[in-house]
Amino acid sequence: MTTVVLADDEALLRKALAALLPLEGGITVLAEAEDGEQAVAATLRHRPDVLVIDLEMPTVDGLGAVAEIRRARPEQVILMLTRHARPGVLRQALKLGVQGFVSKAAEPAHITAVIQTLHAGKRWIDPDVSALAVVDDCPLTERELDVLRATREGYSVAEIAGRLHLAEGTVRNYLSNAMQKTQTRTRHEAARYAHEHDWL
């Protein structure tokens with residue numbers, strides 16, 4: 001039996017996976033989580049063979065949760081579900097040691113097979129995810145994307161500086177560069193622009 005924790009803020013998808021994965025055989029769902037914080041708590045409490053986690057979630061996103069889990073449990077096997085695999089995100093996730101990527105549109109039987117593949121010590125990236133990741137039209141740097149992501153989450157410049165361990169002046173420079181590159185007037189417009197172009 002392969003044990004999993006499922007983390008996804010879309011209740012319908014999460015509940016469907018929780019019901020369907022065991023039917024495909026060989027999988028036990030130990031817990032479900034609806035945001036990044038719950039994902040961290042459930043993973044550290046239940047210590048599953050594989051964590052199946054959505055990339056985009058409220059409070060702490062998938063990457064943030066994975067970074068936290070990695071610090072406490074570096075050996076954790078992780079499968080990331082994604083709709084949009086931007087190159088930057090894919091690179092970040094690989095750097096964090098995520099072993100697998102599957103499109104959220106995948107069949108439960110496919111997700112089950114990938115979970116078993118990862119549990120066997122192998123890696124997996126869905127072809128459509130890797131194809132999406134190759135198309136890189138984003139002019140923003142990773143740090144500019146970081147500050148825009150935090151802007152979208154409603155943090156002030158001071159809070160962003162604290163969260164990213166940067167000086168406030170540095171955060172303002174990144175935001176100013178991002179506004180120039182997106183030809184927007186405010187950091188919130190820049191964040192919205194980046195989100196609409198699937199860069200965040």
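Let me start in helix α7: Glu 144, Leu 145, Asp 146, Val 147, Leu 148, Arg 149, Ala 150 and Thr 151 are buried there. Buried means under 20% relative accessible area, exposed means over 50%, and partly exposed is in between, with a 1.4 Å probe and protein chains only. So α7 is mostly covered, with 8 of its 11 residues buried. Helices are DSSP runs of H or I with at least four residues, strands are runs of E with at least two, and both are numbered from the N terminus.

Some ground rules. This is a predicted model, where local features need pLDDT of at least 70 and side-chain atom pairs count only at pLDDT 80 or more, while totals for chains, interfaces and linings use all residues. Residues are numbered from 1 along each chain as its sequence is written, and side-chain values use heavy atoms, with hydrogens and water left out.

Now, what does α7 meet in α9? Arg 143, Glu 144, Val 147, Leu 148 and Thr 151 in α7 touch Val 171, Tyr 174, Leu 175, Asn 177, Ala 178 and Lys 181 in α9. Contact here is heavy atoms within 4.5 Å. By type, the residues of this contact are 6 nonpolar, 2 polar and 3 charged. Nonpolar covers Ala, Val, Leu, Ile, Met, Phe, Trp, Tyr, Cys and Pro; charged covers Asp, Glu, Lys and Arg; the others, Gly among them, are polar.

The geometry next. The axes of α7 (residues 142–152) and α9 (residues 168–182) come within 9 Å and cross at roughly 95°. That makes α7 roughly perpendicular to α9. The classes: under 35 degrees is roughly parallel, over 145 roughly antiparallel, 65 to 115 roughly perpendicular, and the rest oblique. Axes are lines fitted to C-alpha atoms, for helices over the stretch in contact, and angles run from 0 to 180 degrees between N-to-C directions. Just after α7, Gly 154 has a positive phi of about 90°.

On to charges. The structure holds 12 salt bridges. The criterion is a side-chain nitrogen of Lys or Arg within 4 Å of a carboxyl oxygen of Asp or Glu. Asp 146 is buried at 14% relative accessibility, and Arg 143 is partly exposed at 30%. Elsewhere, salt bridges that share partners join Asp 8, Glu 10, Asp 54 and Lys 104 into one network.

Another pair is Lys 15 with Glu 32, closest N and O atoms 3.3 Å apart. Lys 15 is in α1 (residues 11–24) and Glu 32 in β2 (residues 27–33), so the bridge ties together parts 17 residues apart in sequence. Both ends are partly exposed: Lys 15 at 47%, Glu 32 at 30%. Then Glu 75 and Arg 73, at 3.0 Å from N to O. Glu 75 is partly exposed at 48%, whereas Arg 73 is buried at 10%.

Last, the sheet. It is open, with 6 strands in the order β2-β1-β3-β4-β5-β6 and parallel pairing. Its edges are β2 and β6 (124–125), each pairing on one side only. Two strands pair if DSSP finds at least two bridges between them. Strands β4 (residues 77–82) and β5 (residues 100–103) pair over 4 bridges. Met 80 stands opposite Phe 101 in β5. Helix α1 packs on the sheet, touching β1 (2–7), β2 and β4, its direction at about 165° to that of β2.
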